[in-house]
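Here is a short tour for anyone meeting this protein for the first time. Have a look at the sequence and the 3D view, then read on.

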Amino acid sequence: QLYVEAILCNLNYHTAYYNLGLELSAGEKVLLEDGRRLNKKQLFLEAIRCDPDNSSAYNHLGTTLAAGETVRLHDGRDLKKKQLFVEALRYNNNNNIAYNNLGLELAAGETIKLHDGRELDKKQLFVEAIRCSHDYSKAYNNLGCQLTPGEAVRLEDGRELDQKKLFLEAIRCDPANSDAFTNLGRALTAGETVRLDDGRLLDKRQLFVEAIRCDPDDYNTHYNLGLALTAGETVQLRDGRVVDKKQLFVKVIRRNPASNSAYRNLGDALAAGEKVKLRDGRMLDKK
């Protein structure tokens, strides 16, 4: 309501439009005093109308668009997600979030030309995001996902990091980054351990346990932990629960009933004649 009042006082107050857009959830609209009812997308468009050099507004407008969707700016240009992120970098070439978002939009092998003439691919965009913010956890994780085992990348500060070291950096910057814990666990071989910045030495299973601690609802991490356990083996989660392979795959099916691989792996884990009870009450055997 305060941002609405600010806009009432000045219909060209770009910061108020922008901040109000940040506050709205997807699909939500707000009624302004002049009778306009605007959603997130329209509020960021208003912020750009009032301040055409507003890098953050272009970036956030890009995040509201679906793949292939276009939006018309007040100057008549029709722009898609990638083009909006490019515009964000046009007005602030140190916008780490825009570099990261643009990297996520590019396909493998694709490049994009920025307004300063540079032509960058996914990896280079994530490297730029890290250059702008050395503690940007998401960029380290996303860059790590682009590398193959054994491959390394040189950052702007001279560090050469491979996949595992990038995931470790992501965790150092954000100890609650569940994706980084998961990706680091998947990068380790059976029996291999890695030392975190806090001194802990963890193996694959322990990294997946950490990922579940960070995001208890992520069924992919439960699936990975289930794959890492042997028949009859159990693991204690950070909330105190002790679970085995079967319980983990049941959890995956509960969260994602369309996971055919979870059904298959659960079947593999059952003994002949054994049955398991699913969330919907069904008792199923291997067949």
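Is Tyr91 buried, partly exposed or exposed? With a relative accessible area of 28%, Tyr91 counts as partly exposed. Keep in mind that this is a predicted model.

## Aromatic pairs

Searching the whole structure turns up 3 aromatic pairs. One of them joins Tyr58 and Tyr91: the ring centres sit 5.5 Å apart and the planes meet at 15°, so this pair is stacked. Tyr58 belongs to helix 4 (residues 55-64) and Tyr91 to helix 5 (residues 81-91), so the pair ties together parts that are 33 residues apart in sequence.

Tyr91, at 28%, is partly exposed.

## Helix 9 and its surroundings

Now for helix 9, which covers residues 163-173. Its buried residues are Gln163, Leu166, Phe167, Leu168, Glu169, Ala170 and Ile171. They pack against two other helices, helix 8 (137-146) and helix 10 (178-187). They also pack against strand 7 (152-154), strand 8 (160-162) and strand 9 (193-195).

How many disulfides does the model have? The count is 0. A disulfide is a covalent bond between the sulfur atoms of two cysteines. For Cys9, the closest cysteine sulfur is in Cys50, and at 14 Å it is too far away for a bond. Cys145 is in no disulfide either, with the nearest cysteine sulfur, that of Cys173, 15 Å away.

What about their surroundings? Cys9 has 70% relative accessibility, so it counts as exposed. Cys145 has 40%, so it counts as partly exposed.

## The largest pocket

Last stop: the largest pocket, which holds about 160 Å³ of space. Its lining is made up of Leu104, Ser137, Lys138, Asn141, Asn142, Asp174, Asn177 and Asp179.

Which element gives the largest share of that lining? Helix 8 does, with 4 residues. Helix 8 is also one of the elements that the buried residues of helix 9 pack against.

Technical notes:
Residues are numbered from 1 along each chain as its sequence is written. This is a predicted model: local features need pLDDT of at least 70, side-chain atom pairs count only at pLDDT 80 or more; totals for chains, interfaces and linings use all residues. Side-chain values use heavy atoms; hydrogens and water are left out. Buried means under 20% relative accessible area, exposed over 50%, partly exposed in between (1.4 Å probe, protein chains only). Contact means heavy atoms within 4.5 Å. A disulfide is a pair of cysteine sulfur atoms within 2.5 Å. Rings of Phe, Tyr and Trp (its six-membered ring) pair if their centres lie within 6.5 Å; planes under 30 degrees apart count as stacked, over 60 as edge-to-face and the rest as tilted. On a 1 Å grid over the protein atoms alone, a cavity is a set of points where a 1.4 Å probe fits but cannot get out, and a pocket is an open set with protein on both sides within 12 Å along at least five of seven lines; lining residues have an atom within 4 Å of a point. Grid points are joined across faces, edges and corners, and a volume is the space filled by probe spheres set on the points.
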